[in-house]
Amino acid sequence: MAEVVFGSKIMQLLIAFILVSTFMILGSTRLYSCVRAFGIQSFLLACVAGIVAYSTGKYDIYIVALLTLIIKSAVIPYIFIYIIREIKVKKEIELYVNISPSLIIGGTLVVISYYLIRSISIISELSSLALSASMSLVSIGLFIMISRKKALMQMLGILIMENGLFLGAISLTNGMPLLVELGIFFDVLIGVLIMGILIFRINKTFESIDTDLLKNLIG
Amino acid sequence: MIAQIIFQLFIIIALAPLLSGIMKKVKAFFQIRKGPGVLQPYYDILKLLQKDSVVSTNVSWIFHAAPVVSFVAVLAAGLLIPIYTTQLYLGFAGDLIAVIYLFALARFFTALASLDAGSSFGGMGGSREMFIASLVEPALMLSIFAVALNVGSTNLGFISQTVSGLGFDAMSPYQILAFVALFIIAIAETGRIPVDNPATHLELTMIHEAMILEYSGKQLAIVELGAMIKQLLIFSLLANIFFPWGIATGGAGAAEYVLALLIFLIKIVIIGITMAVVETSTAKWRLFRLPELMSISLMLSFLAIVAVIIVKGG
C-alpha cells in the first residue's frame with residue numbers, strides 16, 4: 001500500500017492504539033468499561049478508514065468511515081448499554097480464564113499472528129503491521145468468546161472479530177466495493193439486534209445471561 | 001568531572017523534596033484543600049534530622065544499616081540516569097540493568113529492616129512490598145528494553161541522546177506502548193494511589209509506610225529522603241527516555257546546562273501533576289487485584305518489544 005505515505009506514522013500509532021484497546025477489553029472486569037473500550041476501538045478504526053480514504057481519494061471509503069463512526073462507535077455501544085440497563089445484569093463479567101492469564105494468552109496470540117503474517121511476503125511494513133494486528137484482533141475476539149461466561153461478552157467478541165476483519169480488509173485492499181461494505185454493515189447491525197433479542201430470551205428463560213446455564217435442560 | 005558528578009548529586013537531593021511538595025499541593029488543590037506549602041518536605045526533613053532516633057532493643061545491625069544502604073543505592077542509581085545532561089561520567093559503571101538492580105537492592109534492605117524489628121505491621125508491609133516488586137521488576141525491565149532494543153544500547157545516557165536526536169520521528173507505536181507501561185510501573189514504584197496510598201499512616205492498606213513504621217528521627221529522615229529521590233529518578237526516567245528533548249548533550253556550555261535544568265524541572269513537574277491527577281481520579285485497588293494492573297503493564301511492554309521486532313524486521 002505505497003499510496004498511504006501520508007500518515008503512515010499516524011497509521012502505525014492508530015494500529016497500536018487499536019491493539020491497546022483490545023487489551024483494555026481483555027483486561028477489564030466491568031461490562032461498561034468493555035463496551036467503552038469497544039467504542040474507542042471502533043472510533044480508531046473509523047480514523048484508519050478516514051486516513052485511507054484521504055490518501056486514496058476515494059469517496060466511498062469516506063462513507064465507510066462515516067458508517068463505522070456512526071454504527072460501530074455509537075449505535076452498537078448504545079444497544080449494549082440499553083441491554084445492560086434493561087435486563088439489569090450484574091456489572092461484573094464472569095470468566096472461565098482469569099484476567100492475568102487471559103492477558104498473557106492475548107499477548108501470545110499477538111505474537112503468533114505476527115509470526116504467521118511474517119511468513120507471507122508483503123511489500124510494505126505498514127500493511128504487514130495492519131494485517132498482523134487484524135489477525136490478532138480476530139484471534140483475541142475468538143478467545144473472548146470462548147473465555148467469558150456472559151452472553152453479552154460473546155456478542156462483543158464476535159464484534160471484535162468483525163473489527164479485525166474490517167481492519168485487514170481496509171488496509172490491504174484500500175476498501176472493498178461500497179456495496180459489499182454496506183452489506184456487511186447491515187449484517188452487523190441486524191446481527192447485533194438479533195443477538196440482543198436472543199440475550200433477552202436467554203434472560204427470560206434462565207433468569208441470567210450466563211451461558212454456562214444453557215447446558216441445563218428446561219422442560 | 002568530579003565537580004559535575006557532585007553537582008548532579010546535589011541537584012537530585014535538592015529537587016526531590018520540591019517535587020514531593022508540588023505533588024502534595026496539586027492533590028490538595030483537587031481535594032479543595034489549601035494543603036501544606038510546597039517547601040514543607042524540606043522543613044520536615046530538616047526537623048527530623050535534628051531529632052534523636054528511638055530504636056527497639058531487639059533489632060540487629062540490619063535495622064541501622066538499611067536506611068543508609070537504601071539511600072546510597074538510590075543515589076548511586078541517580079548517577080546512572082540522565083537528569084539534565086546525557087553526559088554521564090559514571091555511565092561506564094553500569095547501564096539500565098544496574099539501575100533496576102540498585103532499586104531492587106534498596107527495596108530489599110528496606111524490606112529486611114521491616115522484618116527486623118519483629119512488629120506485625122512491618123512484616124505485613126515487607127511481604128506486600130516484595131509481592132508488588134516481583135510483579136513490577138519484569139515489567140520495568142521489559143518496558144525499558146523495548147526502547148533499548150530500538151536504540152541499540154542499554155546505556156541510559158546513550159538512549160536519551162539518540163532519542164533526542166531523532167526529534168518527532170521518535171514518536172512510534174512501541175515508544176508510546178512502552179511509555180504507558182512505564183507510567184503504570186512508575187505509579188507502583190513510587191507508591192501512588194491505585195497501588196499504595198502515600199498519605200496514609202497507620203492504616204491496614206499501607207505498604208511503604210508499614211515498612212518504615214519503626215523508624216524515627218534521623219533514620220526516618222534518610223528513609224523519607226530516599227523515597228523522594230527514588231520518585232524523582234523514576235520520573236526523570238520517564239521524562240528523559242521518552243521525551244528527552246531539551247536535554248544537554250556532551251560539550252554543552254554553561255548556559256545550555258541552565259536551560260536543560262529548567263526544561264528538566266518543567267518536565268518532571270508536568271509528570272508529577274499528571275501523576276497527582278491520576279491519583280485523585282482513581283480509587284485504591286484491592287491488593288489482590290494488583291497483579292491485573294501489573295500484567296496489563298507487562299503485556300503493553302511485551303507488545304512494544306514485538307512491535308519493535310516487527311517494524312525493524314528482526
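**View 1. The contact between chain B and chain A in the predicted model.** Chain A supplies 21 residues to this contact, and chain B supplies 19. The two chains bury about 1,800 Å² between them, with 77% of that area on carbon and sulfur atoms. On the chain B side, the residues that lose the most area to chain A are B:Met299, B:Leu303 and B:Ile310. Together they account for 29% of what that side buries.

**View 2. The side of chain B that touches chain A.** Two elements of chain B give two or more residues to this side: α7 (173–189) and α11 (290–312). The most comes from α11(B), which gives 11 residues. By residue type, this side of chain B has 13 nonpolar, 3 polar and 3 charged residues.

**View 3. The largest nonpolar core.** This core has 155 residues. Those with the most contacts inside it are A:Ile25 and A:Leu152 in chain A, and B:Leu156, B:Ile159, B:Ile229 and B:Leu233 in chain B. Helix α9 (residues 217–242) of chain B provides the largest share of the core, 15 residues.

**View 4. The surroundings of B:Leu156.** B:Leu156 is among the residues with the most contacts inside the largest nonpolar core. Leaving aside neighbours within four places in sequence, B:Leu156 is in contact with B:Leu80, B:Ile81 and B:Pro82, with B:Leu96 and B:Val99, with B:Ile144, and with B:Leu237 and B:Ile241.

Note on methods: Residues are numbered from 1 along each chain as its sequence is written. Chains are lettered from A and ligands numbered from 1 in the order in which they are written. This is a predicted model: local features need pLDDT of at least 70, side-chain atom pairs count only at pLDDT 80 or more; totals for chains, interfaces and linings use all residues. Side-chain values use heavy atoms; hydrogens and water are left out. Contact means heavy atoms within 4.5 Å. Buried area is the accessible area (1.4 Å probe) that two parts lose on being put together, summed over both. Helices (H or I, at least four residues) and strands (E, at least two) are DSSP runs, numbered from the N terminus. Ala, Val, Leu, Ile, Met, Phe, Trp, Tyr, Cys and Pro count as nonpolar, Asp, Glu, Lys and Arg as charged, and the others, Gly among them, as polar. A nonpolar core is a set of buried Ala, Val, Leu, Ile, Met, Phe, Trp, Tyr and Cys residues joined through side-chain atoms within 4.5 Å. Buried means under 20% relative accessible area, exposed over 50%, partly exposed in between (1.4 Å probe, protein chains only).
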